[in-house]
Every structure is written in C-alpha cells, then in structure tokens.
Amino acid sequence: MLCAISGEAPREPVASRKSGNVFEKRLIEAHIAEHHTDPVTGEDLAVEDLIELKSPQVVTPRAPNLTSIPALLSAFQNEWDTIVLETHTLKQQLAQTRQELSTALYQNDAATRVVARLTRERDEAREALSNVTISGAAAGNGDAMDVDGQGLSEELVAKVDETQQQLFATRRKRPVPEGWATGEDISTFDVTASSEPLYPGSSAISLDESGDLALFGGSDGVAGVYSTSQQQVVQTLKCGSAVTATTWWGSRAVAATSSGSVKVFEDGNEIAHMGSHAGAVTDVSVHPSGAILASAGSDKRVAFYDLSTFKTVFQIYTEADITCCSFHVDGLLIFVGSSDGKIRIFDVKTGASMVELDTAGPVAAISFSENGTWFAVAQKGSSSVSVWDIRKQAVTKVLETGSPVEKIRWDYTGQFLAAAGSGGVSVQQYVKASKSWSEPVRKAVAARDVAWGKDAESLVALTPEGGLSVLSAS
C-alpha cells in the first residue's frame, strides 16, 4: 500500500471515499488546503472525505543500496543524472515555445500589415469612386474640376491670414453699434407682416447686408429675392432643382441645390455654376474674406471654391453625412456638423483635421457668436440649444426653447440668439455684465429658419409653407 502522491508507504494512511486512492495524511491535507481537489482524479475533495486506514506499525528497513558510502554516492550520481536530463528537456521545450511564439508574432504582424493595406486600398477605391462620380456630374454641368488636395493656393492662404489677423485684432474692441435693438425692444416683437406661401419646400433663408432682401427657394427649383420693405419678390432665380441652402456673397445671391450644384446670381442673372457634389448640397458658407465659398454635401464632402475663378480648389472627406458647415468668424477654421453627432473642425488653409467634438445627437445647425469664442449648436429633434466655448471645447450653457429647434442665428453683437422650430420662434439674450441668460421673447410662429434684420430690429422667419413672417416691435 503506497501513497498516490509520494509513491512511498504512508506512515498515516488515509483513503478517499470518492476515488479509493490511498495517501499520506499530511500530504493530502496540504494538497486539499491549497487546491480542494483529488490529486489523481481532479474531483472536488474535502478533508471530511478522507478515511483513516489502520495499519501495523512496521519499521521499514533501509534499502540495501543505501547502507554504504559508495552506494549513497551512486544514488546521488543517479539523481544528478536525472536532474541534468530533466533540465535538458526543459531547455528544449523552452526553445520550442520561443520558436512558436516568434512564429505567432510574425503571423500577427503580417496580418496587421495586410489589414492596413486592405484598409488603404479600400479608402483609395472610395476616393476614386467618389471622384469619378463627382467628375461625371461636373462634366455634365460644364464645370471642369481643378481639385488640389494639398490645400489653398498661396494667394488664398495670404487672404485667410490677413482676414484672421484683422478680425481678431479688432473683435474685442467693437462697441455695440448705435441704434442696435435692446432686450426691451425685442421683448415687444410680434408678427407685423407676412407673405403668402411663395416657395413651398423651402428650408433655408438668408438676408443681405441691408437686412431687407430675403433669399430663399423651394422644391420646384425656383428661388427668389423678397424685399421685406416692399413685401414682394423683386428677383426670380432659376436653379434647376430643389433649393437646399442659400447665402449672400456681398450683393450676389448664392443658392445650393439637391443636384449637387451651387449657383451664383447677380441682379437676377446666373454668373457661375459650380458643381462638385455627387449628392445634394446640405449647406453653404462664405469665408469672411469673401474670397472662398464652402459647400457641404450628402456625399460626405466639403468643397472649397475660389470665388475669383469659380473653380474648386480642394475638398475634405469626412466619415459621415454632413448636415451643416460654417466658417469661424475669424476665417481660420471651418466647423462641419454631421449626422453621427460629431462636429469636425478643419484648418481652412490645409484641410487638416484639428479636433472632433461629440454632441448628443445629429447636428442640425451651427451658428457663431461675434465674440469669436462661442458657437451655438442645435441637434435634430431636440428642444435645447447648446452653447459651446471653443477654448474649453465644452458646453458652457444649455438653453431650453420649449420645442424642437431646426435653425439658430446669433445677431452681430453676440447678445441675442434666435431659434426657429416647428413650435415657434424664440430669442435668448446674454447679458455680459451679469453673465446671465434670459428669454425676452417667444412666439408661436412655426418656422424652418430665421434671420436677423437690420440692427436686430426685426426677425424674418421662414414658415413651413414657404412664406415669410416678419417679427418686429409693434
């Protein structure tokens, strides 16, 4: 009867109730204390499962080969030989394990390189496919594309730098223009004039520098310039397909369409047709210098145009559908809102990505305050407007409007933020002296977009039916 662990006759033999194996008591108790299992079968085993075996106390005679010094030396030599052979075997196993690990690491590195190459080839294929689609659309419109993926030309870069330095140096010193509307004036706003539905399907409106001429268009491919003082359309613009975004370039009207083209009109006549997008244009923005126009499209691209030649100078590709875009008020950066809830900020001169900001949902609109540090963000379906600080890259204030917001607009002084939505039009006011916000006016006038009139003395709202409502002091 030998111990299943030591292989020797046990002094205090015990047997397992479960497996029947015999063990030396001190050895099996030590094993159970550490592993709680039977060392032979691997089954769960407790001290209570052991049965003591009674055996006669017999003194085991010493083995004959251990009764002399030469015999002991021989035994030690055999033990040493066994240890040497075991060490040699362990070294062989270690070398084999190292070789297998090296092979696995090499295969992993090779797989990583293959994945990287395939990813690069996929991106190049996407780029080529998009360029082929865009080039085809541009050729159909008679606009030969001249795309420079390296950024703006030296001449345009100089204009961007000059504009940024000039605006940044004077921004903090600007006083509120004399005669500008106050919070008390705005609190008395009500609908004082309205038009019949002019362009059904309209989604964007822009006012010129005079604050009198409103530019907007509808789903029938016709846009118009409406005089709020004369209360009539003074110019009709043929755009060819549904108008999706509008802006003013000085006295020239700029209209973007669902066909991916951007058209420029002067005195009602088309003077430029820029086609760069494979899908609908979702927004347009004019650089503060007046030398560059940016258009964002559903093809996940932002295109930059040189307004001296009306040619595309370069483009930026993003990872999600673009919903809106806007140049920073100093003109050095462009902010791009996307359906994935991210605001991507790019360097205007090089197109390099600067930073990505995460919002709570798909971005519907972005509007910059003239203080240069704040910008407001509206999310689709949300009734709140987030005011962000560019320096902190964080939200500083969340404003509740009471209904889903579609578009937002700061006034020139950065005091008033107008919000338009299906539930009405509201204005939020920031008082710098007390660093507090208030809501001077909220009107139940459904609107898809809103724009400030001259000296903030009026708000022009674009109704869901494609007409205009003018809010001003009664």
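Trainee: In which loop does Gln393 lie?

Mentor: In this predicted model, Gln393 belongs to the loop between strand 23 and strand 24 (394-400).

Trainee: Why is Gln393 called partly exposed?

Mentor: The relative accessibility of Gln393 is 43%. Partly exposed covers what lies between under 20% (buried) and over 50% (exposed), so Gln393 counts as partly exposed at 43%.

Trainee: What makes the phi of Gln393 worth noting?

Mentor: Phi of Gln393 is near 55°, a positive value, and the residue is not glycine. Most residues other than glycine have a negative phi. Lys300 also has a positive phi, about 70°, without being a glycine. Lys300 sits in the loop between strand 14 and strand 15.

Trainee: How do you know whether Lys300 is buried, partly exposed or exposed?

Mentor: Lys300 has a relative accessibility of 28%, so it counts as partly exposed.

Trainee: What makes Phe375 and Trp388 a stacked pair?

Mentor: Among the 14 aromatic pairs counted, this one has ring centres 6.0 Å apart and planes at 20°. The limits are 6.5 Å for the centres and under 30 degrees for stacking, so the pair of Phe375 and Trp388 is stacked. Phe375 lies in strand 22 (residues 374-379) and Trp388 in strand 23 (residues 384-389), so their pairing ties together parts that are 13 residues apart in sequence.

Trainee: Why is the pair of Tyr430 and Trp437 called tilted?

Mentor: The ring centres of Tyr430 and Trp437 are 5.2 Å apart, with planes at 50°. Stacked requires under 30 degrees and edge-to-face over 60, so the pair at 50° is tilted.

Trainee: How do you know whether Tyr430 is buried or exposed?

Mentor: Its relative accessibility is 16%. The limit for buried is under 20%, so Tyr430 counts as buried.

Trainee: Why does Leu73 count as exposed?

Mentor: Leu73 reaches 53% relative accessibility, and exposed means over 50%, so Leu73 counts as exposed. Leu73 is part of helix 2 (residues 69-140). Together with Ile69, Leu72 and Phe76, Leu73 forms a nonpolar surface patch of about 420 Å² accessible area.

Trainee: Which residues touch the most other members of the largest nonpolar core?

Mentor: That core has 19 residues, and those with the most contacts to other members are Leu152, Ile292, Val302, Phe304, Phe327, Ile334 and Val348. At least two core residues come from each of several elements, including helix 3 (154-171), strand 14 (292-297) and strand 15 (301-306). A second, separate core of 17 residues includes Trp180, Phe189, Phe416 and Leu459.

Trainee: What does Val348 touch beyond four places in sequence?

Mentor: The contacts of Val348 include Leu152, Val160, His287, Phe304, Phe314, Phe327 and Ile334.

Trainee: Why is Val233 called partly exposed?

Mentor: Val233 has a relative accessible area of 32%. That value falls between the limits of 20% and 50%, so Val233 is partly exposed. Val233 is found in strand 8 (residues 232-238). Apart from neighbours within four places in sequence, Val233 is in contact with Leu198, Tyr199, Gly224, Val225 and Tyr226. The C-alpha atoms of Val233 and Ala214 are separated by 9.1 Å, and the two residues are 19 residues apart along the chain.

Technical notes
Residues numbered from 1 in each chain as written. Predicted model: local features only at pLDDT ≥ 70, side-chain atom pairs only at ≥ 80, totals over all residues. Heavy atoms only, no water. Patch = residues over 30% accessible without salt bridge, like charges linked within 9 Å, V, L, I, M, F, W, Y side chains within 5 Å. Areas by Shrake-Rupley, 256 points an atom, 1.4 Å probe, with all protein chains shown as cover. Salt bridge = Lys/Arg side-chain N within 4 Å of Asp/Glu carboxyl O. Helix = DSSP H or I, 4+ residues; strand = E, 2+ residues; numbered from the N terminus. Buried < 20%, exposed > 50% of the residue type's maximum accessible area, 1.4 Å probe, protein only. Core = buried A, V, L, I, M, F, W, Y, C linked by side-chain atoms within 4.5 Å. Contact = heavy atoms within 4.5 Å.
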